Amino acid sequence: MISPIYWHPYVYELAMRLLYRARYRERIQAVAALIPEGARVADVCAGDCSLYRYGLRDKSVTYTAYDRNPVFVRWARRRGMAMERLDLWDQEIPAADCVVMMGSLYQFIPRHTGILDKLIRAARRRVIVNEPVMNLAQSPHAWIRRAAWLLSDAGRESSRHRFTEGELRSLLESRGFCSLALIAGGRDLVAVRDRDREGRLPAANPRERRQKSGPDALR
Ligand SMILES: C[S@@+](CC[C@H](N)C(=O)[O-])C[C@H]1O[C@@H](n2cnc3c(N)ncnc32)[C@H](O)[C@@H]1O
């Protein structure tokens, strides 16, 4: 059953504010800072479009949000934001310079690598993935775990597994992401994957790339 937090964007935003507290905007702005000026941005699984509302509104980018939740799409459009209905299980993402996915990859476990490849195919220049690695769904307390699973259920094929930092790092490195950093007090991991000037993809072997961590890794 779809969680009540997906019933309306304001309910979703409230849940995210309670979860991230003082780090709420920091998380969004850390991702927004990685988006180049002038880029066409595809925000996939955009939810309440918080990336645009709190990170990109004053930046010169062309933003399009994608999500399968029709309530979120109608709400965003009424407020003048470009948002399209798209189900990532079945559809390809329209090409964009910069493809972003925040806090959503876990929903596609165990078929998340196929989804990651969709993001990579759609990105002309850069893919940014931001994902929580500290999750209430991994709490040692069974009742907290259960509440977190129920609240994060976005519908179809929802998995109970959540990425640990180690799992996410290995996955992203195996797909050619080379700048990885913890943000929002260590709650999220953000990673970037760029094509080179000729549009080629980087080598997938992590040993061929310089691996850094911490906020400086993303500059
Ligand atoms: C946890 S929210 C993340 C929202 C936002 N990116 C953020 O970081 O706050 C996950 C979003 O993914 C959307 N979603 C779930 N499955 C999807 C699918 N198959 N295709 C497109 N969107 C999907 C949900 O509707 C929800 O808005």
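**Figure 1. Burial and surface of the chain in the predicted model.** Of the 219 residues of the chain, 52% count as buried, a term that stands for under 20% relative accessible area with a 1.4 Å probe and protein chains only. The accessible surface of the chain, from the Shrake-Rupley method with a 1.4 Å probe, comes to about 10900 Å², and 52% of this belongs to carbon and sulfur atoms. This is a predicted model, in which local features need pLDDT of at least 70 and side-chain atom pairs count only at pLDDT 80 or more, whereas totals for chains, interfaces and linings use all residues. Residues are numbered from 1 along each chain as its sequence is written, and side-chain values use heavy atoms, with hydrogens and water left out.

**Figure 2. Residues around the ligand.** The ligand is surrounded by 22 residues, each with a heavy atom within 4 Å of it, and the closest are Y12, R27, C45, D67 and D87. By class, this shell holds 13 nonpolar, five polar and four charged residues, where Tyr and Cys count as nonpolar, Asp and Arg as charged, and Gly as polar.

Figure 3. The protein covers 96% of the 600 Å² of accessible area that the ligand has on its own.

Key. Buried < 20%, exposed > 50% of the residue type's maximum accessible area, 1.4 Å probe, protein only.
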